[in-house]
Structure formats: C-alpha cells, structure tokens
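Subject: Structure handover

Hi,

My notes on what turned up follow below it.

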Amino acid sequence: MIVDINVQNFQQALIDASMTKTVVIFFHAEAVPECQAMSPVLERLIGSNHAQLDLARVDVADPQLQSLASQLGLRALPAMVAFKDGQPVDVLEGPQDETAITHFLAPYQPNEADLLLDEAKQTLGTDPQAAYGLLQQARALDDSAAIRLYLAEAALALNKLEETKQLLATIGMIDQDSQYQHILARLELAEEAADSPAIRELEQKLAAEPDSLSLKEELAIQLFQAGRQEEALQLLVSVLQTDLAFGDARKHFLDMLVTLGADPIASTYRRKLYSMLY
C-alpha cells in the first residue's frame with residue numbers, strides 16, 4: 001500500500017499498519033528536488049500491493065507533521081525510516097540512488113527461501129509431494145528450523161517415517177513448539193501402525209532363516225508400504241548383491257525408486273544399483 005500520511009490517518013496507516021508489515025516512511029518536501037527523483041523509485045520498488053512493505057509518504061511542509069521528523073532526529077531530506085511494531089528500526093538520510101534504496105529495503109523483504117516456504121505452506125494440504133520438493137529447495141538455500149519442521153510435516157504426509165524422524169532430531173529445544181509436538185505425535189502413531197503383525201511375523205521368520213532371499217523380498221515390500229523406505233531398499237540391496245536376477249527384487253527396487261522421486265534416499269540407492277550393474 002502507498003499512502004500519504006496526515007493527522008487523520010496517522011494512527012491507522014502508520015502505527016497500526018507497522019504491527020503487521022514494515023512501513024517505510026518517506027520524508028519529502030516539494031522544495032527539495034532530490035525528493036522528486038527518489039519518490040518514483042520508491043513507489044516502483046514497493047508498489048501498491050506489496051505483501052511485506054507499505055510506503056507512507058510524509059510531506060514535512062505540513063506543519064502538523066513536522067514534529068514527526070523532529071522526533072526521529074532527522075537532519076536531511078529526503079529520508080527513509082523503516083518502521084516496525086510502532087518503532088523506527090532503520091534510517092537512511094539524504095539523496096539515494098536505486099541501488100542504495102534496494103539495499104535499504106532488502107532486510108524487510110522475503111528472500112527466495114521464504115518465498116519457497118510460503119508456497120510450500122499453501123501446497124502442503126493438497127499436494128504434499130509438490131510441497132516436499134519446494135521445501136527441499138528452500139532448505140538448500142536456508143537450513144532453518146522452520147523449514148526443517150515443514151519438511152518433516154511434508155515427509156510424514158508422504159509416509160517417509162525415517163526421514164521425518166531424522167528431521168525432527170535436528171530441531172533444538174528452543175524450536176520444539178506446538179507444530180513440532182503435533183508432528184512428533186503423528187509420527188509416533190504412524191510408527192506404531194508401521195510395526196504391523198505381518199511385519200513382525202516376517203521379521204521373526206527372517207531371523208530364523210537369515211539367508212532367505214524370498215523372505216527378504218517379501219519383508220522389503222511390507223516395510224516400504226509401511227513408510228520404512230530405507231529399510232526396504234537396504235533389504236533389496238542385500239538380495240540383489242546375492243543374486244541380481246532373483247525373483248522380482250530388481251523390479252520392486254526400481255519401482256520403489258520411482259515412487260520416491262527426487263528423494264535423496266532414491267539417489268543413494270540408485271547409485272548402489274548402478275555399482276552392482278556396472
């Protein structure tokens with residue numbers, strides 16, 4: 001939003017607005033030519049529909065607004081003041097070119113990782129696979145706890161239980177908020193469901209016959225369906241290392257890799273298959 005500040009809208013357009021967005025106050029005067037040069041640059045960079053920034057123009061020629069410039073200790077025009085939560089957080093005085101203005105605004109605008117995170121949040125409920133991909137990109141740019149938490153949530157939605165557990169293990173105590181607790185509780189329920197009687201029975205049989213390739217293949221399928229992807233792949237690797245042509249082990253292995261898509265686990269196990277083939 002771009003607004004001209006006056007006594008009537010001061011509270012709403014400046015103080016109240018700064019509680020949800022950063023308001024850039026532009027102090028100007030018609031008598032100062034440099035103000036006329038900076039004004040259109042600011043208007044273009046912030047625009048009328050910016051998600052994070054508002055531009056509030058203050059004409060210091062207005063006697064009712066001159067005190068605002070004095071309270072902020074401004075000594076030169078034009079001037080920009082970043083205003084957040086009802087308080088000034090940064091000031092830049094004097095004529096500035098576009099590069100300097102862009103640099104001044106940069107801390108109050110989202111970076112690429114933030115944009116990817118926002119897009120993933122909107123997508124997570126309807127397309128967790130797409131959200132998962134966006135969050136992986138975001139994490140490559142900024143490995144923050146917030147991004148890792150949402151990546152854990154996406155992984156859990158895709159039944160990637162091991163990855164979910166690994167991601168949650170990276171979250172420090174200070175970031176273990178209600179979202180973390182919710183994901184952890186859902187993970188525990190999913191893990192209980194994944195430890196089915198059928199899986200336990202197969203594990204017991206395999207313990208009794210540790211060299212049985214057919215039991216390993218059957219257990220791998222059950223584990224993968226239960227969200228224990230890496231365990232499943234590792235079992236099939238052990239089968240293929242013994243006999244590359246055993247049953248449908250190779251087909252199941254390739255099907256699992258296709259299902260995992262761009263998951264880093266898939267890349268790891270794809271390389272293992274290539275090493276066996278070549």
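First, a term: helices (H or I, at least four residues) and strands (E, at least two) are DSSP runs, numbered from the N terminus. Two strands pair if DSSP finds at least two bridges between them. The model is predicted: local features need pLDDT of at least 70, side-chain atom pairs count only at pLDDT 80 or more, and totals for chains, interfaces and linings use all residues. Residues are numbered from 1 along each chain as its sequence is written, and side-chain values use heavy atoms, with hydrogens and water left out.

The sheet

It is an open sheet of five strands, in the order β1-β3-β2-β4-β5, with mixed pairing. β1 (2-4) and β5 are the edge strands, each pairing on one side only. On average, neighbouring strands are turned by 20 degrees against each other, direction ignored. (Axes are lines fitted to C-alpha atoms, for helices over the stretch in contact; angles run from 0 to 180 degrees between N-to-C directions.)

β2 and β3 are parallel, with seven bridges. Threonine 22 has leucine 53 in β3 as its bridge partner. Helix α2 (residues 33-46) packs on the sheet and touches β1, β2, β3 and β4. Its direction makes about 165 degrees with that of β2. Contact here means heavy atoms within 4.5 Å.

β4 and its partners

Strand β2 (residues 22-28) pairs with β4 in the antiparallel sense over five bridges. There, valine 24 stands opposite alanine 82. β4 and strand β5 (residues 87-93) also run antiparallel, joined by six bridges. Alanine 79 is the bridge partner of glutamate 93 in β5. The β4-β5 hairpin has two residues between the strands, and aspartate 85 takes a positive phi near 55 degrees.

Five of the six residues of β4 (residues 79-84) are buried, so this strand is largely enclosed by the rest of the structure. Buried means under 20% relative accessible area (1.4 Å probe, protein chains only).

Arginine 57

Arginine 57 is in strand β3 (residues 53-59). It is buried, at 18% relative accessible area. Its side chain makes a polar contact with that of aspartate 4, at 2.8 Å. (That is a pair of N or O atoms within 3.5 Å; within protein, one must be able to donate a hydrogen and the other to accept it, and residues adjacent in sequence count only if both atoms are side-chain atoms.) Leaving aside neighbours within four places in sequence, arginine 57 has contacts including Phe26, His28 and Glu43.

Best wishes

Terms used:
Buried < 20%, exposed > 50% of the residue type's maximum accessible area, 1.4 Å probe, protein only.
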